[in-house]
Amino acid sequence: MTRLAISERTSGFAMREAQNTDRGGLHAAGRPGGLQHAGRPGILWALPAILYFALFALLPLGFAFYLSFTYYNGIRISPPTFIGLDNWTRLSSDAAVGKSVTITLLLVVLAVVTQVPLGVITGVWAAGPQRFRAIVVALYFIPLLMSTAAVSVLWGSLLDPNFGIPDALPWLFGDGNLLGRQWSAVAVIVFIYLWGATPLYTLIFQGAARQIPVTIYQAAQIDGAGIIRQFFSITIPQLRNTIITVTILIVVGTFTAFDIILILTRGGPSNGTAILPYFMYEQAFVAFDLGYGSAIAVVLVVLAAAVSLVMVRVTGYDKMTGSQEGI
Amino acid sequence: MNLKKHSARTAAAAAIAITAFAVAGCASASGGTNESRPEGEIHVAVYGDAAATAEEAAAERFNETSEIKVVVDKLAGDGNYPTAVRTSLGTANAPDIFMSWGAADIQQLVDAGAVMPLDEFIDEDPALRDAFIPSVFDEEVINGEAYGIPMRGVAPTFLFYNKQVLADAGLEPAQTWDDLLSQTETLTQAGVIPVALAGADKWPTQMWYQYAFAREIGNDEVSAGLAGEGEVWASEGSRSALDRLKELVDAGTFGSTFDSVGYSNQGTTGLLSQGKAAYELMGTWNYATLEGAAPDFVADNLGWVAFPSLEDGAGESGEIAGNLSNFYNVAADTRYPEAARDFLKELYSDAFVADQIALGNLPPTLNAGEFIAADESIDANKKSYLDFVFNLVQDAPTFQLSWDQVVPTASKERLTDAIADYFNGTIDADGWVSQMQSITATG
């Protein structure tokens, strides 16, 4: 879209006006001026959230880091013993870790490339004025109401090769050994995520799509742009920030996904779906090697943080500006 | 709400938090005094599945006469039970009495001094040992000291079959390994999966190895191999057992989709009870599972038979494998050891034995046979079933505990992985042998 210089100036002027008013108010109250301080809550306001985060995220993370240098089998009366870098050297030579990282990244990529497009398409459609749209959308949102554990159990039965969907549709599923081969087991997990998580993103995209001023579409129509052209030239650019937000949500969510894999495949077949969180669980709570499990947990945190940081940088999320500036 | 992300994160955070608080709490709990434990009561952590009712009833009977009361803490009857017990030991919230699966399961607890040796109790009341089947009782005797009292059903594995399916195919229950192989063809042609196998759960696959090896090399050799004699796994008999298993897999004995079939979601239960499969190799508890899912099938068409023999194998035909029993252990820092001892006596009481039988379990007590014969509250079908299991155990020259209960906890997952991987072709016999050697070497 070409920005209209005049309206940009207008909105810029309106903003300055607002700032001026605000500043005036603050000065009257005898507090320091400037936009930085304009009616914004101080650190005190953030304290509950910070405390919560420190207690339930940073503190356990710190302990996990500490435990990764110890041997600990979970029995309190034989406390963790310091073993230096043993867990870390073991980690670096453990082929299962590399395999697990690969599967985790594969699953993240597959989740993004399936969930974002479907979310955009359904969200934009759901933002429209069609008849019966509300009913269809309501039905579509049902997976959001169900717990993932219940969903996993349900799909476990639905995918049973002898009694489930594969048995009814042999032309599509062959012998139905979906969870017995790595590629099909991964496909099944990606599909269930798609089915279960996309409605949330649809909701977000629906809200975002409704924010796009209808006047832009009207202008485009006058210029002779068809529906497809409008979608790619107006809708997608206007949803850019939402797409970035949703992508980060999906990435972080998939990195820590665990429950479907625990219930549906238990990391199988032959550890073909053993993503990092599951691998961590197996080491810490099946083998009761909490030190090694903690080392894997730290790797997971670092990996997820690194990917999120890169995404934030590459997409310009940290410098995000309004997509409707100038409209 | 994106539940997948949220709950997974919460679980991960909780897991780490538990660990963190466990560590943080060490300082305060390390005094080891039991004064901080609840006064006037002992806590029993009951594994909360269908069989828990017998233990709850035992607690009620105990409380009628005892001044120190037993409090039943019913924990979820799933894989989290050992974690819950383990992380609470040494705290004021720890159970006084809890359940375990065998020596390997409690080895780390014994090493840490968290469980109490029961020899003094046994000296005071020898029935705590003598009332039980010796081979079962001895499982939790570690370095000459007894740590656990058997309490749940003895659970060997054997073949369950669908009478109707076999009759329709004109077959008799397999008596020999060759029968199994030849019936595979007949049953496959009849459109039936010869053997239902819940490969997705991995541990059911392990049962086939246990019998292939028991028949080929005998349980004594298996036991030596699990204890660390690596050459057992590389031996000719071991190779032959692996070849036989592969032969069954390749012949289609388990169908082609066994890795997608589960036991916990009743995948195999459906196959057997609805006539889509002829056999299933499973433990004693399968009767109750089948009865819950398909009572009519159990009454009319469920058959059971000992695992087929192998003529040229080195093992004896009566050797069996499975789970010996579960055991109750006592926390080392219990405040009321006498009350704990007295509660353990309930485990060989007539009422407890009768309750176990009513549940369809074979009690691990020597008098179980008489009780089954005398019990009039159970139906004839269940009676003949329990009779069969009792005799199977009585006549067995050896009873090998499930392999994954023998190897150290840390190696359990690797063992079941190796077992599943050889079945689905991810690793070959050489790969399996070296895996087993490496897993058992640490034991």
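**A guided tour of the A–B complex**

Begin by selecting the A–B interface, where 57 residues of chain A are in contact with 53 residues of chain B; two residues are in contact if their C-beta atoms, placed from the backbone, lie within 7 Å. This is a predicted model, in which local features need pLDDT of at least 70 and side-chain atom pairs count only at pLDDT 80 or more, while totals for chains, interfaces and linings use all residues. Residues are numbered from 1 along each chain as its sequence is written, and chains are lettered from A and ligands numbered from 1 in the order in which they are written. For the complex, the predictor gives an ipTM of 0.81 and a pTM of 0.83.

**The chain A side of the interface**

Select next the helices of chain A that each supply at least two residues to this side, among them H2 (43-67), H10 (182-211) and H16 (290-315). Helices (H or I, at least four residues) and strands (E, at least two) are DSSP runs, numbered from the N terminus. H2(A) provides the largest share, seven residues. By class, the side of chain A that touches chain B has 34 nonpolar, 17 polar and six charged residues. Here Ala, Val, Leu, Ile, Met, Phe, Trp, Tyr, Cys and Pro count as nonpolar, Asp, Glu, Lys and Arg as charged, and the others, Gly among them, as polar.

**Chain A as a whole**

Of its 327 residues, 32% count as buried, that is, with 20 or more other C-beta atoms within 10 Å of their own, C-beta atoms being placed from the backbone. Among contacts in chain A between residues at least 6 apart in sequence, 66% join residues at least 24 apart.

Colour the chain by pLDDT, the predictor's confidence in each residue, from 0 to 100. Chain A averages 84, and 84% of the residues score at least 70. Confidence in chain A is lowest in helix H1 (residues 5-29), at a mean of 41, and highest in strand S1 (residues 70-71), at 94. Over residues 1-30 of chain A the pLDDT is below 50. Where pLDDT is low, the predicted coordinates should not be read in detail.

**The two domains of chain B**

Move to chain B and select domain 1 (10-153 + 325-375), then domain 2 (155-322 + 399-440); these bounds come from an automatic or database domain assignment. Taken over C-alpha atoms, the centres of the two domains of chain B are separated by 31 Å. At their boundary, 13 residues of domain 1 of chain B are in contact with eleven residues of domain 2 of chain B. Helix H4 (residues 103-111) of chain B contributes the largest share of the domain 1 side, four residues. That side has five nonpolar, six polar and two charged residues.

The mean pLDDT of chain B is 88, and 92% of its residues reach 70 or more. Residues 1-9 of chain B have pLDDT below 50, and pLDDT also stays under 50 over residues 11-32 of chain B.

**Helix H9 of chain B**

Finally, select H9(B), residues 177-189, whose 13 residues reach 19 Å from first C-alpha to last, close to the 18 Å expected at 1.5 Å a residue. H9(B) bends by about 25 degrees at B:Gln183, the bend being the angle between axes fitted to the seven residues ending there and the seven starting there. B:Gln183 is also one of the buried residues of H9(B), with B:Trp177, B:Leu180, B:Thr184 and B:Leu187. The buried residues of H9(B) pack against strand S8 (193-196), helix H10 (203-216), helix H13 (236-251) and strand S9 (277-283) of chain B. Just after H9(B), B:Gly191 takes a positive phi of about 80 degrees.

Technical notes:
A residue is buried if 20 or more other C-beta atoms lie within 10 Å of its own, exposed if 12 or fewer, and partly exposed in between; C-beta atoms are placed from the backbone. The expected span of a helix is 1.5 Å times one less than its number of residues.
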